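Good morning, and thank you for joining this meeting. Please look at the structure on the screen, and I shall then take you through selected parts of the two chains.

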Amino acid sequence: MLQNLRRRFETWVVRRHPPATDPVALTRRRLYILPTRYGYAFAALLFLLFLWAVNYSNSMGFAFTFLLAAVALNSMWRAHDNLLGLVIHPGVAEPVFAGQAARFSYRLEQPGLDPRYGVALQWRDGLPQYVDVPAQGSATVMLTIPAERRGWLQPGPIRVLTRFPLGLLQAWSWVTFERSGLAYPRPRGRRPLPASLPGGGGSSIGEQGLGSEDYAGFRSYAPGDSPRRIAWKAVTRGGPLLVKRFTDQARPELWLDWRLLGIDNVEPRLEQLCQWVLQADGAGLQYGLWLPGRQIPPASGAVHRRRCLEALALFRYEGQR
Amino acid sequence: MTPWNHKNRSKSGQPLVEPLMPLALIWLLITLALAVAPHAGELPVWLTLLFYAVAGWRGVIAVRNQALPPRWLLLPLALLVGAGVLIEYRTLLGRDAGVALLTAMTACKLLETRGLRDGVVLVFLGYLLVMSNLLYSQEILMVAWLFAVVVVMLAAQTMIYRQHAGLTGFAPLRLAGKMLVQAIPVMLILFVLFPRIPGPLWGLPKDAYQGRTGLSEEMSPGSVSELSKSDEVAFRVRFMNSPPPLRQLYWRGPVLWNFDGRKWTRHEELQANTPVAFTPEGAVVEYAVIMEPSNRRWLLALDLPASLPPRTGMTPSFQLLRDQPVNEVYRYEVHSYPAYRTGELTTLERSRALRLPGRGNPRAQELAAEWRARDPRPEALVNAALTLFREQAFYYTLTPPLLGVNSVDDFLFRTRQGFCEHYASAFVFLMRSAGVPARIVTGYQGGERNAMGDYLIVRQADAHAWAEVWLPERGWVRVDPTSAVAPNRIHEGLYAAVADPGSLPFLMRRGGSSEWLRQLALSWDLLNNSWNEWVLAYGPDRQKELLSGLGFGPVDWGEMTIAMIVALSGFGLIFTALRWRRRFARDPVARSWQRFCARLARRGLARGPHEGPLAFTERVAMQRPELAVPAQEIGKLYGALRYGPVAPAAAVRRLQQLTRRFRA
């Protein structure tokens, strides 16, 4: 009954505040507040004190009971105001493989002049992660959310909550962000890497042909380049980041081909391909990826690896939630 | 699990103990120590010592991060301490034993305080301890002390959550103080308007109001002079018109009919809900009495009361009786006629007013018979007795010698030293022996005028006993035999009358080198009186009086609730309005920007939620080129002020100026 009510409330809330792509400011309309366990216990305590005051006709007993009640009321708007106006930025997470846990980092920003204490983000029933947000500043909260499937990670509603200052009441809000991280397919499969074909263009110095055998001059640094190839000597002299170029003689070319896999289901195929990509990358091979409708020509390096894995993660993704 | 609760469980399903901040625990220990301190006088010494030892030990454990005593030790310890309380008080119920148990259990709880939940339990126990102190005293100093305790307690309650550790130093105390100050208006509304129910709801423990001195419903030799050692306040009086002279101030308490040769006791009398009729002669005196708790049902009033406070009845002896004992500071208004003539005596009353114990005191009876033979008129008999006291060597003293079995004979013919109860008792005995109906009235006489506050203080030491005789033409007539021995007692008060004023309590003495101290005490009493009259005496009756007095007519609790809700909502509205104003006043930059955006929105140029200030003003410039210059400057300024490191005042002013002038 209570479970059911809760689920209905949550769907209502999510419908009320649809998933956002932009930072979400916590406005009055988004904030909810209810007593905590200790809040209910405190109410019981107040009732006890009240009976005590009545029974002993104790004037100051009444005053004390009413004072505590008024403080609880005061803590209610303080809890509410502790969240009001906070801006939650969409979470960002490094890509992970399905089955791993993604670490989302959310930035909480307080544009106003008062610091906010004890604000937490909570994903489903996980542990709330608390943080203080300085005035006119921001703080970052990390949430660990398991990636169950490949594709865009959608953690669903994240609860922003606080029990400040007395722990008697919890103010909270739900924020939902669209696509906030990527999960690659789970690398799985026992098939050996397919055989390599002889290299295509001989000794090319193209983007795909970057080898490690023979020195072939410098080019400027691009993200993904191995630090081992950076010309550190040039850097220490104050020059720009330069990368040494090498050429390979007739490196063999490897195609990780969807069609090579005689598996019926899409997912196991992708998982095997993912495994292959990791193996090929680990072996420092040049490899290309062939998927129906998407081909990535052979290359190597971190950027290439990432391209391949993203292609696998989002392959025929539209149909899936 | 409800949506607002944490589900802090590890994978194995074991609940994780949320840790308690050690610093918060130290604060909590300090608060509890402060809350128990006023009890130190009542608690058994071993328990006080145990509590402070345990609190200190727990503090050391917390600071050094040592291990707590093992859990198996706790139950035997709790049982042992509980048994100690049981042996000490022979019960676990009642006020004193209850407070002792609460203290003992708080001490035990300290030894098993590990996590957050234990911290919350300790805070709650602390609030109960604060409340328990109020059962013993509600005086200003106590209330101030407890208020300070609550400030620290609230600070500790904030700090027990490890998530609030960002509040450091004295910030939690500041926060707690702020919360309490902001809570006061709501507390006042509730205090004044929350419908009060007259207590008690169920039986109170026997010792609920122990330790109160005051008049009892019996009188034996020495019982009133015992009271003269106490300068505690019995009640205070505020007269509505000019107060009568001191010698007329006879505050009527229990009327005693029955005599067993030594002790006078009250007779159980029926009480009526209307004042008993008599014929007033002279002016009315109107006054309000602010009575200290007496744990007795009777209320004191000047001879003779002609009106009834709420929930009060009157006996045929003109004694006011409330439906419940007075266990709170109670304020009531009465009016009396100092000069009066009462009605006829019933046969039953006459026989009771003449009844004597079967035997004893033969010499006194002989003396009365002698007088009666000489002149049987009641007035003559009264005069004969008063003349005896006046002309023979009778002394008025606080420390009379002990009396034997025939107490009246002993006093009249042997010791001849006594306090008012001796004279009243002997007088009534003589009158009854001579055939004049007579009875004892106990109460207070006189009082001390506090010139600073224009009210009268009546102390326990002003307790007095006098007599009433019934005369055919005039009804019951007050006769004070003490005035025959020591006229000063009635005219000037106790200090001027007794032979040994040195044995009087300090506040009953007059003059001398410590007079300035007494004046200081009177100023303090003025403060206490205002506190009593306006705060402590505010109960169900005063509440109704106040609201009716405001012109609402008679008010029932439903209307009172409505008044309370209206007042609370009114306060809520004012409070919200103030907060809004401050919010805007505090952020002029945001206000200017909102005004700017609102103006453009009215012209169909609403800012999209995704648009930053620069992007938005860029778009404005594109769509309305004539606004480009001011809009872009506003956008740049706002962006710089909002997201830049500091906001120079000149730039804020410029932004305000620009947005004010901006016309879309």
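I begin with chain B, where strands β7, β10 and β9, in that order, form an open sheet of three strands with antiparallel pairing. Strands here are DSSP runs of E of at least two residues, helices are runs of H or I of at least four residues, and both are numbered from the N terminus. Two strands pair if DSSP finds at least two bridges between them. Because β7 (298-299) and β9 (312-314) of chain B stand at the edges with a single partner strand each, one side of each has no neighbour in the sheet. Between β9(B) and β10 (residues 320-322) of chain B there are three bridges, in the antiparallel sense. B:Gly313 has B:Leu321, in β10(B), as its bridge partner.

A word on conventions. This is a predicted model, in which local features need pLDDT of at least 70 and side-chain atom pairs count only at pLDDT 80 or more, while totals for chains, interfaces and linings use all residues. Residues are numbered from 1 along each chain as its sequence is written, and chains are lettered from A and ligands numbered from 1 in the order in which they are written.

Next, a helix pair in chain B. How do the axes of α11 and α13 of chain B cross? The axes of α11 (residues 378-391) and α13 (residues 420-433) of chain B come within 10 Å and cross at roughly 145°. Such axes are lines fitted to C-alpha atoms, for helices over the stretch in contact, with angles from 0 to 180 degrees between N-to-C directions. On the α11(B) side, B:Leu381, B:Ala385 and B:Phe389 meet B:Tyr423, B:Phe427, B:Leu430 and B:Met431 of α13(B); contact requires C-beta atoms, placed from the backbone, within 7 Å.

Chain B is divided into domain 1 (22-191), domain 2 (218-354 + 437-508) and domain 3 (587-661), with bounds from an automatic or database domain assignment. The centres of domain 2 and domain 3 of chain B, taken over C-alpha atoms, are separated by 81 Å.

I turn now to chain A, which has six helices and 18 strands. Of its 321 residues, 36% count as buried, that is, with 20 or more other C-beta atoms, placed from the backbone, within 10 Å of their own.

Finally, the contact between the chains takes 49 residues from chain A and 52 residues from chain B. On the side of chain A that touches chain B, α3(A) gives the largest share, 15 residues.

Definitions and conventions. Two residues are in contact if their C-beta atoms, placed from the backbone, lie within 7 Å. A residue is buried if 20 or more other C-beta atoms lie within 10 Å of its own, exposed if 12 or fewer, and partly exposed in between; C-beta atoms are placed from the backbone.
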